[in-house]
Amino acid sequence: MFALLLKWDLAGRPPELLGELRRYITEESWDHYRSIDGLFQKVWLSRIDPDGFAAFYLWTSAEAREREIRRMHRVKQIIGVDASVEAWDVEAAQEGRHGPIDLTSIGKAWPAPAAPI
């Protein structure tokens, strides 16, 4: 397995930018990455202090990872700067003990589920 970490510095950017990035995830990125050959998992990340946005990918091959690096462009259009790119080899991957959870639609980009009545 092969990992890719992309990081963008959001310092000095408008606070609304994070909302625009969340819309990008749900309206553009989600369906696009669902059909990418060689992608095992993609996780979008954000933090407030210091302001940052990131994407972490697990790929089945170095070739698939390199294809992604060559075609990255959409988030740069939204943010206005290139990402720092870190390519890693995965030494090991492990799942912890957790209940049945569907990772396909969790996170702040998705509306919170309605509270039970």
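Student: What pattern does the protein follow, read along the sequence?

Tutor: The pattern is β-α-β-β-α-α-β. That gives three helices and four strands. Keep in mind that this is a predicted model.

Student: Where is Arg65, and why is Arg65 called buried or exposed?

Tutor: Arg65 sits in helix α2, residues 62-71. Its relative accessibility is 7%. Buried means under 20%. So Arg65 counts as buried.

Student: Which residues does Arg65 touch, leaving out those up to four places away in sequence?

Tutor: They are Phe2, Ala3, Leu4, Trp59, Ala87, Trp88 and Asp89. A contact needs heavy atoms within 4.5 Å.

Student: How much of the protein is buried?

Tutor: Buried residues make up 28% of the 117 residues.

Student: What makes Glu86 and Lys7 a salt bridge?

Tutor: Their side chains meet at 3.2 Å, N to O. The cut-off is a Lys or Arg side-chain nitrogen within 4 Å of a carboxyl oxygen of Asp or Glu. The pair therefore qualifies as a salt bridge.

Student: Why does the pair of Glu86 and Lys7 tie together parts that are apart in sequence?

Tutor: Glu86 lies in strand β4, residues 84-89, and Lys7 in strand β1, residues 2-9. The pair therefore ties together parts 79 residues apart in sequence.

Student: Why are Glu86 and Lys7 called neither buried nor exposed?

Tutor: Glu86 has 23% relative accessibility, and Lys7 has 35%. Under 20% is buried, over 50% is exposed, and partly exposed is in between. So Glu86 counts as partly exposed, and so does Lys7.

Student: How do you know that Arg74 and Glu28 form a salt bridge?

Tutor: The N to O distance between their side chains is 2.8 Å. The limit is 4 Å, so the pair passes. This pair links distant parts of the chain, 46 residues apart. Arg74 is in helix α3, residues 74-79, and Glu28 is in helix α1, residues 17-34.

Student: What class do Arg74 and Glu28 fall in?

Tutor: Arg74 is at 27% relative accessibility. Glu28 has a relative accessible area of 37%.

Student: How many salt bridges does a search of the whole structure find?

Tutor: The search finds six.

Student: What lines the second largest pocket?

Tutor: The pocket holds about 300 Å³ of space. Of its 21 lining residues, the closest to the centre are Arg71, Met72, His73, Arg74 and Val75. α1 supplies the largest share of the lining, five residues. The lining divides into 11 nonpolar, three polar and seven charged residues.

Notes
Residues are numbered from 1 along each chain as its sequence is written. This is a predicted model: local features need pLDDT of at least 70, side-chain atom pairs count only at pLDDT 80 or more; totals for chains, interfaces and linings use all residues. Side-chain values use heavy atoms; hydrogens and water are left out. Helices (H or I, at least four residues) and strands (E, at least two) are DSSP runs, numbered from the N terminus. Buried means under 20% relative accessible area, exposed over 50%, partly exposed in between (1.4 Å probe, protein chains only). On a 1 Å grid over the protein atoms alone, a cavity is a set of points where a 1.4 Å probe fits but cannot get out, and a pocket is an open set with protein on both sides within 12 Å along at least five of seven lines; lining residues have an atom within 4 Å of a point. Grid points are joined across faces, edges and corners, and a volume is the space filled by probe spheres set on the points. Ala, Val, Leu, Ile, Met, Phe, Trp, Tyr, Cys and Pro count as nonpolar, Asp, Glu, Lys and Arg as charged, and the others, Gly among them, as polar.
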